Structures are given as structure tokens and as C-alpha cells.
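Let me put the structure up before I jot anything down.

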Amino acid sequence: MASTTIVRTIDSPAYLRVGPRQGYIQNALVLCAASTSSADSCSNSGQYQDHFATMAEAPAQQTPSFPLSLEEIEGLVKTLYDPGHAKKVQETEATLRVLQRSPQGWEIGDALMNSTDENVRFFGALTFTVKLNADSAGLSEGDSQQLLSKLIHHLLSHPASSVATRKLCSTLAQYFCKPISTWTQCVRSLAVSFVQQQTILDASLDQYSSTWDILPQISDEQLINLLEFSMNLADEAKKLSNSPDLETRERMIVNVDSVEVLLHVAFGRGIKYLSTPIKDSRYDQLSQLGEKICVASWKCFLGWIFYAQSEFKDVPEKLQHLRSVTEMALACLEYHIDDAMELVADLLENHPKFLEPKQQVLLWSAITSPWGIEILKNLDAETASLARIIVAYGQILLESKQLYQEPDNSHYEQVISVLHELLKYPDTVGLEDEVAPVVLDFWNSYVSNIAEECFQFTEDNTKPAWLQKAKSNVFLAVSELLQKIIFPPPAVMKGWDADAKKTFKVFRIDVRDIIQEAYEVLRDAMLDQFIDFSLRALESANWLELEAGIFCLNSISESLAEPSDVQLRQLFEQSLFSIIAGNPNIPAVTRRTAVEMVAAFNSFFLRHPELLPQVLPFLLSALAQPSLAHGAAKSFASLCSECRKSLTSELPSFFQMYQEFSSYQTAEEFTKSKVLEGIAAIVQALNSDEKRQAGLQQLFQFVAHDAMQAINITKEGHDAEQGQVLALTTLKCLACIGKSLQASDEEVIDLETEQTPSEYWTQGPGKEIQNQIVNFVNYLTQVFPGNSDIIETACNVLRAGFKEAVPGPFVLPPSAPIDFIAKTNMHTPRLPYVLDTACCWISSHKLNKTGEYQVQAQRLLCYILSIMQAMENPRNDPEVAVGCIELIQKFINTNAQILTAERPEILSGMFDFSVECIKSPEVLPKRAAAQLWKDIFELTGKTTNQDRSTGQEIVNHFGQAVTFALMYNLCGEVDGTSLDHIVVPLRKLILSDRNARFYITNALAEQPLILRIKEDAATEGIVRKFIEGLVRNARASTAFKETCKEFWQRCRQIQMQFAPQMMHPGHRFAQGHSSPPAATF
């Protein structure tokens, strides 16, 4: 952006005629551009020496020569922070950015650092940072030393902690990490400089006392600045951890001794201030200062630990310098310093091995001291922070396995006891209790560990003694979590905000995951626990506890098998669902979880159909309640599908139930379709086609009612939108019925024995059912042709029979789907889905060799050509273009011979379109067409394939055209992400067709890019070498790809060489092009 502005200013003297503010901004751009231009003609070293000489020698009161006056630059900086200049911020930022990056940027940063304005000084430090990152590589050693001296000078001049000072500390840390830096003992250097109030660098440090003697002499503000610098130093050095240059790491190691002293002095001073007697008149002031110093010390300490853990692996003994500080750092906990517990938790979570055993003991002593016990009793924000420390500490012991393998160890027993106690707060998760979600992490890990241990000890005689105690802890934790997932009373829940609801919901999901894993450890003991808990809640009418028990049972339902039925019957034989259905006072959450229970235990009900009479009325009652209807409909469909054979005798009752349900307000698209899906599953289980037909006729009466309503409402003009809703409901119900009528996975279909397929549904009495299906689809899509959901659902109705291997009501004649597809056009919504339906139709008839299929396939080919012709170009609708290509590909891969009966002009139109797709810049059509031709070339290479001759004929007619398209892409037109998609079909062509070299040679000779550079002497040789490489490497996939990629990269470079000819003269000037270059390989 800046460079464009500069060029425009140079090309036109318009800036001379603008207002004063705009004039000096553009004047700055011009001068910066001119300075940059002149600077480019001299060496970097000389340039920076001039600027640093100016910085070093210019008197404080003398203003260096800037593109703008210092006052104007300061004014621009101040406008950034002035809310009254919001409209000019973008322009001001652009101008200041140019000034920062100009050769005078060093001097500008230096001058701004002398300002009395805090924001201006911050911008000065920022300018130094920008220049360091952009131009520091060009500094000589002398320049680098001068820059460092200046930065330290400014830190000494403004020691008060502020945003500008912190930015300057960050800049100094970045300087240390730059390759131009030779500053080694940076921490000691700054400490001595603070004491001497002048810049003291490495060479002079030996003249002064030890760091232990120096650091106590610096002021509190200087100490905080030194901590800030040291923290930034660790952060910046950490960014270089993957760098092969180890020089910075070596210099960091040198400083760890000084950091150790710094942290000892800082923590000592901070704790001293915090220990000020409350009667002291300076108590408040010193307490605040002590807390500030301790927080800064902790952040510095943590930063260096994070750095050292990864970078001091070769010198592990250096970690002792940091470990020596640990006891003082942990002492901060008992002073209730803000963030201290969070910082300790960060340390334990990220670097658990940093603390030595004696330090771990010290930490646990603090946790169990009166200070820690008091925090745990209060249940406030500090409790959650301390819980993080306890959990992290527990994880350390868990990682060593000692926590559960040494159950008699009193210390480990105490740790486990505390972790259990943290789950016993009576408050609700999401509101007052923020501790339980934290502790959940530990118990999740604990249960996982014990589950893994149990897997190793499958035989009773091999199980260690400690395993039973570990299982007891798992059982106890599950019991405690069961209490924590109980919903509060509805009156309390009404007051919850969205965050509280989300926290409680996520907590329950996490508990469910723990329960599922714990079941692998506890098995029957856990099942009995949940059943007993649920029965007690049911007997005492404690509905919220009942919900929690059912929730836990649902969590383990997938793991339960038939042996568990004895225990489950204890609960289900108590008329559980009848009680819930008959009591209007039961909370909605309990009803919802009970509805989910039906679906979760449908396998149990399949084994015990005698219990279904209490379940189905319960679901019917739930269907009437808006908050439960969706879940009840899903559970109903799932239960009926699973237990279909047990429910056939009750089919008339289900029809009556649906009639009752259809009058409910909850009877809408989703619930209706799911309920009919369930009833249709029972119809499918009937033992004869005649009975199935009778059942379907009853279902279709329900569906036809919605269809007639949709048509009548629309025709009468009352509510067209409601008409579309009813039409969509009709089709979705049909699609769900079709899905349920598919042969179940348990049914055995004999594909070996040749049997005459039943004509019951196509020519017999069942034909009327098929006619109704077709009429529903055709009529509703004609009445609502512009509704995308209706079109897609109509396709789903037609697809319902595609997967079937035997005749059925939804296995329609081949003509029915094609009749629907052929009526669609480029204006049809969801046309790609229609085309995908056509692909599914081809797949479903891949074994069909009848004359009727041949006729419909020809119709489909003509239809595809009409869509291609209407589209004209793949770019007009890439998604539809992909659908067309994939349909042709489906014919090629399933029944290519069908193409031989088509007229030449049809085939020519289709394959020409595929070639255009390869040449198109649109990515998806290009890839789809390349895949199509890859399959065609593969077909011609398969000598045993009966369709090989068809594939060869296609290649004979269109081989040259598709080869030209592939070469067009390799000549730089394809983007890098699609290159492999072009390479694959090209390789298949060479491997399968003896004319491939001829095609490639001719195609390259006609490529526009090659024609533009054919006069170059090297072009012919490079092209010839490329062709030879293709033919030679065709059987080696990797080498072939490399050959293509190398040629493609050459072509891309040529295109870039031609590109400046198309550029505006101003842009060519900005990029350094005086005239268009000659393109060459």
C-alpha cells in the first residue's frame, strides 16, 4: 500500500496543491521514497553508520533532518490516540508506517523516545522494534553497539514502569536475540547500568562488584523493569528454539546465573514488603508494591522455566539455578498474591518434572496448611485456582503410578482423599461450584489409568492387591459425580444464563464419558449402583435424582448385553414409563431423559417385548409435548425398527395412534416423518406382499391428506408458504417410509440361485402403490418447481429403492426416475443433487442388461448433453459441470458399451465439454474431468475388460484434444494444488496408448506459451527433453510427477516474465522494471 502511494506521488505533483495536513503527509512519502532510492545505491553499512552517527552526535536540543519536523511527527502519533481523529487513523497509520521503515527511522525512534508524552515514547520504542526486525541485518558491529547504548540510555532516563518502558524492555530483548547482537551478560549489564546511571556493556563489567552485591542497590522501579526485560528475554529466545544457530542459546545460558540472583533478590524484596506489619503507616503502599514485584518475579521465573525445559537439555545442571528459587516462589502463595496460584498451576501443568520431590512436599504442605484449608472451605475464585494446583499435583503422582499402586502410603491416601472432597461441594456446577469441572480432569485420567491396568490383569490370580483399592476409588468417584450431575430445581434453572447452562451441559457430557470408561472397570457393581439409585429416586418421587440415574444408565447402554437383563428388569418392571407418563408434575428434563432411554435400550425391549405396552403409550404422550416431541419421534422410530417383528400384531393400534397424533400441534414435518418411519418398519416385517400392500395403503392415506392440503391451500391462494411446508412434509414422510421398507440387514437374500423376480409391485396388485409414489413426486414438484428442499426430498424418495436387491414397493421401473430427471433444467434448484441421483440410478442398474434400461440410459445421455449445451461454459455453473462429468464417468465405469449406441453428435458434445472443463480455470470441473479421462485411459489399458474397445474408440476420437488440454495446464495454466490431478491422466495416457508421444508432441507445438518463446534457442531442446522424460518415467509415478512439476515451474516463471508487460508503468517502476524483460526458459 505504501509503495503504491509513493509511486503515485512521484508521478504527479498533485501533492503541491493539497491542503497543509495532506501536503506534509504526501511530502513525507516523497522524501522517504527519495531517501530509500538514494540509500539503495550505497552500501548498507555506510548508510546505517551515517544515521547512527547522527543519533550519537546530535545534541539533545538539535532536531535531526527528518522528512517532517519532529513536532509534526509527534502530532501524527498523538492523533492515533485522539478519539476526535478516528476518520484519519488509517491515513495517519500509513504515513507513520512509511516513516518508521524509512532510513531515518532509527533517528525518528530515538527522537520520539525523548518526548514527555507516554504515547509518543511508546511509538518511539515501537519504531526501534520495526527497524530491528526489518533492517538490523545491515548494521555494522559499531552501529549495533551504538544502538544498544541508546536503548539502555532511554531505559535509564525513564525508569518508571509504564507502557512505553515495557515496550522498550521488549525491544531490548529482541535486540539481544538478533544475529547482530554481541551483548552477552545482558542481565548483569542492565543491573550495573541502573546502579551507575550510565550504559555499562560487557567489556566493562569486570570492574564492578558481583551481581549479588549490585542487585540489592537498584530501586524498586528498576527491579520491575529488569524483571520485565528478563521475562521478555525468555519469551523472545523461545521463538528461536527451532533455529540451527545456537549462539543465542549459548548467550542465554551465560545469563541464567544472573537471573537466579535477580529472582532471589526480587522475591526476597517482594515478600519483605508483603510482610509489613498492618500497623505500619506504609502498609497499603508496601503491600501493593510487594505484590507487584512478586507477580513480575513469578512471570519472569515461569518464562525462564518454560525456556530452560526445552533449551537446557544439554546442560541440565543449569536448571538448578532456577530450582533454587522455587521455595521463595512458592512462599508467595500464602500471601494471597493475585495470579500466584494460577502461575503455580501453569508450572505444574506444563512442566510437571521441574519440581524436585522435596519441593513437591513443600507445595503439599502449603496446600494442607491452615491457609490452604481455609481457601478450600470458602468455595470462591481462589478455591478453583487452588484446585488446579491440587489436580496438577495429583496428575504428577498419577503419572508415576505411585498414587494407586501404593494405597497404604499415608501421603498418597491424603491426596486421593482431598481429590474426593473436591467433588463434594453441595453447590451446582455452572453457578457457584467452579471446582468440580477442574477436578474432573484428574478423575478422567485416574479412571483411564485404572481401566488400562485392568486390561493387563484379566485373570483373578494375577490381579495385584492394590487394584481393589483403586477400583474402590473409581466407584466412589462415580458416586460423587452422580450427585454432581443432578439438575437443580426448575425454579433455580429458570434463572440460569446461557453460560451457566452450557457449563452444566458440558460437565454432564464429560461425566458421561468417564462413566462409560469406568464401566469397563466396575461392570455389574456400577450397573447395580445406578439401578439402585434410580429405584430409590422412583420410590421417593425424587424426579431430578431419577433423571440422573437414567442418564447414567443411558451412558452405559451400548456396553450392556443380555446377561444384564436380570438387573435391568428390576427397574423396567416397576412401570417406570407408565409412572412418568401419568404424572404431570414430573420435570421436563426427566421426561426428556426417559424418552432418550427408550432409544438407548431398544435392544433390551426387543428381547423383552412384554414390556412394550408401557413404553409405547409413554412415547405417544411425549409426542404431545413440544419440548419432548422430537426426541420421542426419534425414539419411536428407533424402537419400532428394532422390535418390528414383535409389533406386527399391534399394527392397527399404531394406525389409530397416528391418527390421534396427527391432531397434535407437535405433528409437523420431522415428527410425522419419524413416526411414519417407525410404523413403516412394522409394515415391512409383515409376512406377505398382500399384507404389506394393505399396510402401505393405510400409510399413504395419511400422506395423501397432507399432499391434498398442500395443493388446495396453494391453489386457493390462502397460504402458499404453508402449502410448501405441507408438500415437503409429504415427500419427507414418503422418503422415510421408503427407507423403512428396505430389506433389513438380517434378511438373507440369495443372489446365487436364479429366480424369476416377483412382479407383484410392478405388474401385479402392488403396482398401484408404485403409481401413487410416482404421482406424489411428479405432482408436488410440478406445483412447487422452485423449492430446493422439495426437489432434493423428491430425489430421496426415488433413491429409496436404489439400494434394494429384490423387488419392492419403492423399487420403481427404470423409466420413473428418468422421467423426473429429464424434466429438470438449468433453472431447477439443487440440480447437482438431481445429477447425483442420476449417478445413483446408473449404479443401481449396473447389472441390468434389459432393453428398457438401454432405452432409459440413452434418454439420460441426451439429457446430460442438453444440460451441457444450456450451460455453454463450465464457468457458468461449476457445480453442475462437475455433476455432468461425474455422470459420464459413472457410465464409463459401470457400462461403457451403452455409449456405442449413441449418436456421434451426442458423444462429441459430451466429451468436448469434458475437454473444456480441463482447460477451464475452475478447479472442481477441471479435477472432475481429469479424473474422467484417467478412468477412460485406464479402461483402454485393461485387456480383459469387455469395454476396452469402447474406451479405445473414445481415445481415438478425442485423444488429441484432451492431450492438448492437459498440456495447456502443464504450460503454467493450472495452479499448484491441482497439478497432481492433471499429471495422473497424462501418465495413464502414455501407459495405455501407443500414440501418446505423437499427441504430446503436437499438443506442445500448438501451445500459446511455447509459440511465444519458440524463437529462443533453448526452447526446442527443453521441450524435447520434457517429452523424453515423460515417456521414460511413465512407469515410475514419483519421477513422472517430478518431470511434470519441473516443466510446469519453468512455464510459470516464463509467465511471470511476461507479466510486467501487462502492468501499469507506475507499478513497473515500483518493482524496478524499466522496460519489459525478454522471456526465456
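Here are my notes on the nonpolar cores and the salt bridges.

Ground rules: this is a predicted model, so to speak of local features I need pLDDT of at least 70, side-chain atom pairs count only at pLDDT 80 or more, and totals for chains, interfaces and linings use all residues. Residues are numbered from 1 along each chain as its sequence is written, and side-chain values use heavy atoms, with hydrogens and water left out.

Entry one, cores. I looked up nonpolar cores (buried Ala, Val, Leu, Ile, Met, Phe, Trp, Tyr and Cys residues joined through side-chain atoms within 4.5 Å). Buried is under 20% relative accessible area, exposed over 50%, partly exposed in between, with a 1.4 Å probe and protein chains only. The largest core has 336 residues, and W183 and F229 are among those with the most contacts inside it. Apart from it lies another core of twelve residues, including L68 and F123.

Entry two, salt bridges. I count one when a side-chain nitrogen of Lys or Arg is within 4 Å of a carboxyl oxygen of Asp or Glu. The whole structure has 35 of them.

D220 and R269 meet in one at 2.9 Å, N to O. The pair links distant parts of the chain, 49 residues apart. Both D220 and R269 are buried.

K934 and E938 pair at 3.6 Å, N to O. Why are they about one helical turn apart? Because they sit four residues apart in helix 46 (residues 923–941); helices are DSSP runs of H or I, at least four residues, numbered from the N terminus. K934 is buried at 17%, whereas E938 is partly exposed at 23%.

Last, I found E342, D346, E349 and R388 linked in a salt-bridge network.

Conventions
Helix = DSSP H or I, 4+ residues; strand = E, 2+ residues; numbered from the N terminus.
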